[in-house]
Amino acid sequence: MSFLIQCATKFNFTLTLGGLILFFNVAEARQVSVKTYDYAVKGGETLYMDVYQSKQVSEKQPVLVFMHGGGFYAGTPKHPSNVKMGEMVAERGFTAILISYRLTRKGGSFGCDYSADGKVETFKLASEDFFDAVQFIKDNQDKLKVDFSSLYVGGSSAGAEAVLNAIYNAELLFDKDESYPKFDYSGILSLAGAILDVRFIPEDLNIPTVFFHGIDDNLVPYESAPHHLCSPDKPGYLMLDGSKTMANKLEKMNTSYSLNAYKNSGHEISGIPFDNIDEILDFFKATKSTNRRSEEHTSELQSQPIISY
């Protein structure tokens, strides 16, 4: 039996199968719905979340909250790659929630010419938005049909830095007299992310974490190195601990993790790993229901990921 795709667009295509012409609407075929909710207004900017769910959802589902990348100056949850990820996650029995946040470096730099203190403040503001989004989800979990006891979070590049620092380094972001919410997270997905200092990861945290990172990343370090590899004489010199350093710390803490490292690859690994969605969700499910699990995979990149900014 042979088939021929006669016409294809972003939303539909015509398929000839054994002489029978079939017309498909891809969006309908996916059976995934998306709804947008506003979760905060800050500085006149409305922050929102796009919620992806199967149209057949009848009971609460585990939820994956995701923050896009873009160097804190660009990016959107509505980038085609993020939309595709939301749909794929929703098709697999999870609710995917993609959140917007304040792009405080829009029109400016986040490189070596921007101060280290400014970078830390940028992490803090994005972390505040992350906390507000999660609080909104908690307060509306019945309406959203999400199981808040199965709360997974993640991000790409800047989004990963925001999520990781909010959870692992809040003590370094917030002053002692500043309060911030604490939630029970079931897992973290980090695509080319880093934190300020692994020494400040609370020892009582036990959050299974999945890392993807290019070993030669010259923007966000794979191990421990300055952000953007800035030299010590630059205003933006800020040491960060990347995926390998965090994985080593979690190993010492007896916490589950999966480290996926790519040789001869850089920051392009911050792109959505579509080929790995199933194994990421399987890892989350396994580490929630079984004992500790740690994995390290080093490989060559087989196909160029699409940066989802």
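Does Asp-142 count as buried or exposed, and what is its relative accessibility? In this predicted model, Asp-142 counts as exposed because its relative accessibility is 55%. The residue belongs to helix α4, which spans residues 141-144. The C-alpha atom of Asp-142 lies 9.5 Å from that of Glu-59, although 83 residues separate the two along the chain.

**Confidence**

The chain has a mean pLDDT of 90, and 87% of its residues reach 70 or more. Two stretches have pLDDT under 50, as tabulated here.

| Stretch | pLDDT | Contacts beyond four places in sequence |
|---|---|---|
| Residues 1-17 | under 50 | 38 contacts |
| Residues 21-28 | under 50 | 21 contacts |

Where pLDDT is low, predicted coordinates should not be read in detail.

**Packing of α3 and α5**

Two packed helices are described by the angle between their axes and by the distance between those axes. The axes of helix α3 (residues 116-139) and helix α5 (residues 158-168) come within 8 Å and cross at roughly 80°. Helix α3 is therefore roughly perpendicular to α5. On the α3 side, the contact is formed by Phe-123, Ala-126, Ser-127, Phe-130 and Phe-131. Helix α5 contributes Glu-161, Ala-162, Val-163, Asn-165, Ala-166 and Ile-167. By class, the residues of this contact comprise eight nonpolar, two polar and one charged.

**Nonpolar cores**

The largest nonpolar core has 62 residues, of which Met-49 and Phe-130 touch the most other members. Helix α3 gives the most to this core, with nine residues. Phe-130, which also takes part in the contact between α3 and α5, is in contact with Met-67, Ile-99, Val-153, Val-163, Ala-166, Ile-167 and Tyr-185, leaving aside its neighbours within four places in sequence. Another core, of 25 residues, lies apart from the largest one; among its members are Phe-66, Tyr-262, Ile-280 and Phe-283.

**Ser-265**

Ser-265 is placed in the loop between β13 (257-263) and α8 (277-289). Why does Ser-265 count as buried? Its relative accessibility is 4%, and a residue counts as buried when that value is under 20%. Not counting residues up to four places away in sequence, Ser-265 touches Gly-214, Ile-215, Asp-216, Asp-217 and Leu-301.

Technical notes:
Residues numbered from 1 in each chain as written. Predicted model: local features only at pLDDT ≥ 70, side-chain atom pairs only at ≥ 80, totals over all residues. Heavy atoms only, no water. Axes fitted to C-alpha atoms, helices over the stretch in contact; angles between N-to-C directions. Helix = DSSP H or I, 4+ residues; strand = E, 2+ residues; numbered from the N terminus. Parallel < 35°, antiparallel > 145°, perpendicular 65-115°, else oblique. Contact = heavy atoms within 4.5 Å. Nonpolar A, V, L, I, M, F, W, Y, C, P; charged D, E, K, R; others polar. Buried < 20%, exposed > 50% of the residue type's maximum accessible area, 1.4 Å probe, protein only. Core = buried A, V, L, I, M, F, W, Y, C linked by side-chain atoms within 4.5 Å. pLDDT = per-residue confidence, 0-100.
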